[in-house]
Amino acid sequence: MLNDLYRKVVMDHAKYKRNYGKLEDEEVRKVHYKNPTCGDVITLYLKLEGEALTDVSFEGEGCSISMASSSMMTELIQNKDMRTISIIRGEFEKLIKEGKQSNDRVDLGDALSLEGVHKLRARHNCALMAWQALDKALYDVESYKRLI
Ligand SMILES: [Zn+2]
């Protein structure tokens, strides 16, 4: 289960969602994604400039894990290039599915607090939903796809 410190971080993100809301711009990529196992939903907004993600936001509803993970993801990927985002995405998935990162030098920030979700197999999709939405939004970006 989530320990107390990690639980506090997760609840803080679930309650005070970072980068929450719409991005209104013609060039914004918008994807809707639903977690089939828990009913969580997310709409993700991304603004890309070349190989960089210059802005990101989300709207959604769901359990605390899904909303906290979405909030944390927006902080992690903001102003990063596609290759870096892809690496972070891979490390986060390992943290959830295997319970540890393969490269500890990749800083997962507050998202590290979700490591206990590893033991809650039924909640894996809650933690990964936002990242799966990101995959959908970036399906055509070669430098992102190579690493996932
Ligand atoms: Zn959920």
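This is a predicted model: local features need pLDDT of at least 70, side-chain atom pairs count only at pLDDT 80 or more; totals for chains, interfaces and linings use all residues.
**View 1. Four residues hold a zinc ion.**
Start with the metal site: Cys38 (SG), Asp40 (OD), Cys63 (SG) and Cys126 (SG) coordinate the zinc ion at 2.2 to 2.4 Å. Along the chain, these donors follow the spacing C-x1-D-x22-C-x62-C. Because the four donor atoms subtend angles of 101 to 119° around the zinc ion, the arrangement is tetrahedral. Asp40 sits in the loop between E1 and E2, while Cys63 sits in the loop between strand E3 (52-61) and H2, so this pair ties together parts that are 23 residues apart in sequence. Both Asp40 and Cys63 are buried.

**View 2. Two strands pair in a hairpin.**
Follow strand E1 (residues 29-34) and strand E2 (residues 41-49), which pair in the antiparallel sense over six bridges. Look across the pair and you will find His32 opposite Thr43 in E2. Six residues lie between the strands of this hairpin, and Gly39 takes a positive phi near 85° there.

**View 3. A salt bridge joins Asp140 and Arg29.**
Side chains of opposite charge can pair when their charged atoms come close. Here the closest N and O atoms of Asp140 and Arg29 are 2.7 Å apart, forming a salt bridge. Asp140 belongs to the loop between helix H4 (124-137) and helix H5 (142-145), and Arg29 to strand E1, so the pair ties together parts that are 111 residues apart in sequence. Asp140 is partly exposed, at 38% relative accessibility; Arg29 is also partly exposed, with a relative accessible area of 26%.

**View 4. Arg89 and Asp135 meet in a buried salt bridge.**
The structure holds nine salt bridges, and this view shows the one between the side chains of Arg89 and Asp135 (2.5 Å, N to O). Arg89 in helix H3 and Asp135 in helix H4 are 46 residues apart, so to speak distant parts of the chain that the pair links. Through salt bridges that share partners, Arg89, Glu93, Lys97 and Asp135 are joined into one network.

**View 5. Gln78 sits in a loop between two helices.**
Find Gln78 in the loop between helix H2 (64-77) and helix H3 (82-98). Is this residue buried or exposed? Gln78 has a relative accessible area of 19%, so it counts as buried, since the cut-off is under 20%. Leaving aside neighbours within four places in sequence, Gln78 is in contact with Asn19, Leu53, Thr54, Asp55 and Val56.

Key:
Residues are numbered from 1 along each chain as its sequence is written. Side-chain values use heavy atoms; hydrogens and water are left out. Helices (H or I, at least four residues) and strands (E, at least two) are DSSP runs, numbered from the N terminus. Buried means under 20% relative accessible area, exposed over 50%, partly exposed in between (1.4 Å probe, protein chains only). Contact means heavy atoms within 4.5 Å. Two strands pair if DSSP finds at least two bridges between them. Donors are N, O and S atoms within 2.8 Å of the metal (3.2 Å for Na, K and Ca); water is not among the atoms, so sites may look incomplete. Four donors count as tetrahedral if all angles lie between 85 and 135 degrees; four count as square planar and six as octahedral if opposite donors are over 155 degrees apart and all others between 65 and 115; anything else is irregular. A salt bridge is a side-chain nitrogen of Lys or Arg within 4 Å of a carboxyl oxygen of Asp or Glu.
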